[in-house]
Amino acid sequence: MTTTLSPRGRLRRLLTSTLAGGLALTLAAAPLLARAEGQLRIAEQFGIVYLLLNVAQDQQLIEKHGKAAGVDIKVEWLKLSGGSAVNDALLSGSVDIAGAGVGPLLTIWDRTHGRQNVRGVASLGNFPYYLVSNNPKVKTIADFGDKDRIAVPAVGVSVQSRVLQLASAKLWGDAQYNRLDKLSIAVPHPDATAAIISGGTEITGHFGNPPFQEQELAGNPNAHIVLKSYDVLGGPSSATVLYATEKFRKDNPKTYGAFLGALEEAARFIAANPEKAADIYLKVNKGNTDRKLLLQIITNPDVQFKIAPQNTYGLAEFMHRVGAIKNKPASVKDYFFDDAHIQGGS
């Protein structure tokens with residue numbers, strides 16, 4: 001049976017159809033709008049090595065530089081533990097900028113080579129990382145025994161784990177570069193620090209970062225430094241870095257540029273205002289870290305807040321040599337985006 005609609009009925013159907021179609025278009029476009037310029041999701045981890053990000057967050061520097069470029073940027077901050085978790089978040093599209101060690105960067109750069117093409121965005125500065133033990137018998141890495149456990153953010157992936165592998169290769173040869181992996185366990189820095197200070201657990205070593213390593217040395221009379229990253233890598237080096245996919249950088253030039261501008265301003269702020277930077281760290285992280293200890297770290301001559309990577313290529317070369325990555329980078333420009341601040345990086 002065919003129903004003939006009145007003019008008013010035909011108009012009602014037309015309006016209903018048009019509204020439904022418009023809604024469908026809006027829903028279809030929603031994911032695209034959510035990933036347009038002005039959206040930035042950042043994954044960070046624990047420690048004062050993320051102070052540049054803490055300052056940028058507290059001072060709303062990303063938003064400031066975004067407005068100067070004509071874009072309102074909404075920034076979301078996500079706290080994770082371990083390079084593996086950070087890399088998974090980046091590849092799943094859950095975050096746009098990932099913060100982790102040079103080791104995880106090289107791993108994901110190699111894994112996505114020729115596909116998502118993940119590369120470094122910037123360094124978060126040069127920091128010495130210490131392998132600390134509360135076992136008086138452990139003087140060098142050769143003294144760790146089967147009953148010892150070494151806490152790292154991510155076994156075989158984190159920069160701490162990779163530096164430990166490089167130290168092992170130097171001591172026992174490349175064939176045994178991962179000799180201490182069997183003693184390593186993945187533990188977040190705050191938990192590992194508590195274990196080293198309290199003692200009495202299976203964790204007798206922790207390859208951490210500031211301020212956790214300094215807290216351990218101050219909190220347990222048996223805690224002592226077994227290994228320093230600078231000694232293994234041959235000098236000051238960028239341990240923690242930021243990275244992103246090629247697509248994000250290409251599709252969001254204003255947001256990306258605002259992020260870099262914010263990092264550069266944060267570095268200048270910390271250098272000029274170390275006490276304010278310490279207060280910001282405490283505020284953003286809601287921690288109870290001793291302020292005097294924080295200031296000692298921030299003003300330590302071995303610590304440099306800058307966004308150009310330094311002394312990372314040696315670790316990249318080592319990882320390729322032992323087969324940890326398949327692609328061999330010719331220089332730092334292979335695994336970092338070729339931006340102005342990378343010139344002169346290493």
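## A pocket, a sheet and a helix pair

The second largest pocket has a volume of about 310 Å³, the space filled by probe spheres set on grid points joined across faces, edges and corners. A pocket here is an open set of points on a 1 Å grid over the protein atoms alone, where a 1.4 Å probe fits, with protein on both sides within 12 Å along at least five of seven lines; lining residues have an atom within 4 Å of a point. This is a predicted model, in which local features need pLDDT of at least 70 and side-chain atom pairs pLDDT 80 or more, while totals for chains, interfaces and linings use all residues. Residues are numbered from 1 along each chain as its sequence is written, and side-chain values use heavy atoms, without hydrogens and water.

Of the 17 lining residues, F46, K79, Y281, N285 and G287 lie nearest the pocket centre. Helix α12 gives the largest share of the lining, four residues. Helices (H or I, at least four residues) and strands (E, at least two) are DSSP runs, numbered from the N terminus.

Now to the sheet: five strands form an open, mixed sheet in the order β7-β6-β8-β5-β9. Strands pair if DSSP finds at least two bridges between them. Three bridges join β5 to β8, which run antiparallel, and L131 stands opposite F207 in β8.

| Strand | Residues |
|---|---|
| β7, edge strand | 184–186 |
| β9, edge strand | 224–228 |
| β5, joined to β8 | 130–133 |
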